[in-house]
Amino acid sequence: MRSLSIAATGMLAQQTNVDVISNNIANMNTAAFKRQRAEFQDLLYQQVSRPGAASAGPDAKVPSGIQIGAGVKTGGVYRILEQGALTQTSNPQDVAIQGKGYFQVTLPSGETGYTRDGSFQISDQGELVTQDGYAVQPGITIPQGTVDFNISKTGEVQVTLAGNPAPQTVGQIQLASFMNESGLEAKGGNLFLETSASGKPTAANPGEPGFGTLSQGFIEASNVNPVSEITALISAQRAYEMNSRVVKTADEMLSTTAQMR
């Protein structure tokens, strides 16, 4: 009986859907988190009668045929890249990207990671680093004796040293962009890695064509909409229940058939 296996694929698909939604809700307060959406595709069809096949007469053709589907599968889980709201923190080490682009950081493996989470800190060596201690590229060191530092919208880092009111430029933050941002591999810890699907990164200063600008003292919030996620969760739950009802109905039909004498 096909309906059992078909309904089972539907239950598995909705289970994946709920997993994605629950991850979105869990990361409602994660800085720069981008929500995801599960997309589904129908499975192969059994061609009982192919459309356009010859019918009774020499010129007669079956107009639509009989095609019975085998169920559904998860086609992909896509990342929604819309801008999150900027939240003011008044912390000079916090930097948000307004527009397109990713910060570049050096991972312990030597690879370059990419993130939109600009909640940076200063290491014991004066380097600008992420919360996990990964250095921001290109390397920026805040000199000892700095009483104030400023990051412009275009990524220029200037410091004011004790006894010297004239600001000094100590570095330039660059952003990276990708042809297909959805193709980046999520590593966890608000980090992404380049893949063959994302394409090679293009680096440039903030504010250049195709790149966003920086806002010091702000953090980009998650773009998860809790109302939309709860609505999607209810829809997924109802779809799961309907598929489970199909399984129950198919079981009752098989039971009736088995009891026939």
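The following exercises, each with a worked solution, concern the predicted model shown above.

Residues are numbered from 1 along each chain as its sequence is written, and side-chain values use heavy atoms, with hydrogens and water left out. Because the model is predicted, local features need pLDDT of at least 70 and side-chain atom pairs count only at pLDDT 80 or more, while totals for chains, interfaces and linings use all residues.

**Exercise 1. Backbone geometry**

Find the place of Pro 138, of Ala 32 and of Asn 190, and describe the backbone there.

Step 1. Most residues other than glycine have a negative phi, and most peptide bonds are trans.

Step 2. The peptide bond from Gln 137 to Pro 138 is cis, its omega being near -15°. Pro 138 belongs to the loop between strand 11 (136–137) and strand 12.

Step 3. Ala 32 has a positive phi, near 60°, and is found in the loop between helix 1 (2–26) and strand 1 (36–42). Its relative accessibility is 10%, so Ala 32 counts as buried.

Step 4. Asn 190 also has a positive phi, near 65°, and is placed in the loop between strand 16 (185–188) and strand 17. Asn 190 is partly exposed because its relative accessible area is 24%.

**Exercise 2. Aromatic pairs**

Classify the ring pair of Phe 103 and Phe 120 and that of Tyr 114 and Phe 178.

Step 1. A pair of aromatic rings is described by the distance of the centres and the angle of the planes. Rings of Phe, Tyr and Trp (its six-membered ring) pair if their centres lie within 6.5 Å; planes under 30 degrees apart count as stacked, over 60 as edge-to-face and the rest as tilted. By this rule there are four aromatic pairs.

Step 2. For Phe 103 and Phe 120, the ring centres are 5.0 Å apart and the planes lie at 75°, so the pair is edge-to-face. Phe 103 is in strand 7 and Phe 120 in the loop between strand 8 (112–115) and strand 9 (121–122), so this pair links distant parts of the chain, 17 residues apart. Phe 103 is buried, at 0% relative accessible area, and Phe 120 is buried, at 1%.

Step 3. For Tyr 114 and Phe 178, the centres are 4.9 Å apart and the planes lie at 90°, so the pair is edge-to-face. Tyr 114 in strand 8 and Phe 178 in the loop between strand 15 (175–177) and strand 16 are 64 residues apart. Tyr 114 is buried, at 3% relative accessibility, as is Phe 178, at 2%.

Step 4. Ring pairs join Tyr 102, Tyr 114, Phe 178 and Phe 192 into a cluster.

**Exercise 3. The largest pocket**

Determine which residues lie nearest the centre of the largest pocket, and which strand gives the most to its lining.

Step 1. On a 1 Å grid over the protein atoms alone, a pocket is an open set of points where a 1.4 Å probe fits, with protein on both sides within 12 Å along at least five of seven lines; lining residues have an atom within 4 Å of a point.

Step 2. The lining has 19 residues, and Phe 33, Lys 34, Ala 186, Asn 190 and Phe 192 lie nearest the centre.

Step 3. Strand 16 gives the most to this lining, with three residues.

Conventions
Helix = DSSP H or I, 4+ residues; strand = E, 2+ residues; numbered from the N terminus. Buried < 20%, exposed > 50% of the residue type's maximum accessible area, 1.4 Å probe, protein only.
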